[in-house]
Amino acid sequence: MPTLPTFAAAPAPVAQAAPFADGPGLIAYVMGAYKEMGPTKGAQIQGVLTTLGYQNINDVKPEHYGSLYQGVEALKRG
């Protein structure tokens, strides 16, 4: 009987680095994104925060900056 094929696990998605590294940079980025998207679409940024477990932008930890950035960029594209 032939041996069964083996499959490698799919590579983990690579988190895109955020273009900011501190709280003031985070706030500036989010405010700029909000202004760019307008109030209706910009309000969806709160959903990105909630998905990450935050209610307030000031509470976002540096280890989640990349995820927040990806979520906001997805809103901008969508």
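I started with burial: of the 78 residues of the protein, 27% count as buried (under 20% relative accessible area, with exposed meaning over 50% and partly exposed in between, for a 1.4 Å probe and protein chains only). This is a predicted model, so I kept in mind that local features need pLDDT of at least 70 and side-chain atom pairs pLDDT 80 or more, while totals for chains, interfaces and linings use all residues. Residues are numbered from 1 along each chain as its sequence is written, and side-chain values use heavy atoms, with hydrogens and water left out.

**Entry 1: the fold**

I looked up the secondary structure and found 3 helices and 0 strands. Helices here are DSSP runs of H or I with at least four residues, strands are runs of E with at least two, and both are numbered from the N terminus. Read from that end, the elements go α-α-α. I then checked contacts (heavy atoms within 4.5 Å). Among those between residues at least 6 apart in sequence, 64% join residues at least 24 apart.

**Entry 2: helix α3**

I turned to α3, which covers residues 65-77. Its 13 residues reach 18 Å from the first C-alpha to the last, close to the 18 Å expected; the expected span is 1.5 Å times one less than the number of residues. Which residues of α3 are buried? I noted Y65, G66, L68, Y69, V72, E73 and L75. These buried residues pack against α1 (23-42) and α2 (45-51).

**Entry 3: the rings**

Next I went through the aromatic pairs, and the structure holds 4 of them. Rings of Phe, Tyr and Trp (its six-membered ring) pair if their centres lie within 6.5 Å; planes under 30 degrees apart count as stacked, over 60 as edge-to-face and the rest as tilted. One of the pairs is Y29 with Y69, a tilted one at 5.3 Å centre to centre and 55° between the planes. This pair links distant parts of the chain, as Y29 sits in helix α1 and Y69 in helix α3, 40 residues apart. Both Y29 and Y69 are buried. I also saw that ring pairs link F20, Y29, Y65 and Y69 into a cluster.

Is V30 buried or exposed? V30 counts as buried because its relative accessibility is 9%. V30 is in helix α1 and touches I45, I57 and L68, leaving aside residues up to four places away in sequence.

I checked both residues against G42, C-alpha to C-alpha. V30 and G42 are 12 residues apart along the chain and separated by 9.0 Å. G32 and G42 are 10 residues apart in sequence and 9.8 Å apart in space.

**Entry 4: the largest pocket**

Last, I looked at the largest pocket, with a volume of about 170 Å³. On a 1 Å grid over the protein atoms alone, a pocket is an open set of points where a 1.4 Å probe fits, with protein on both sides within 12 Å along at least five of seven lines; lining residues have an atom within 4 Å of a point. Grid points are joined across faces, edges and corners, and the volume is the space filled by probe spheres set on them.

The lining includes V30, Y34, G42, I45, Q46 and I57. The lining divides into 8 nonpolar residues, 3 polar and no charged.

Definitions and conventions
Ala, Val, Leu, Ile, Met, Phe, Trp, Tyr, Cys and Pro count as nonpolar, Asp, Glu, Lys and Arg as charged, and the others, Gly among them, as polar.
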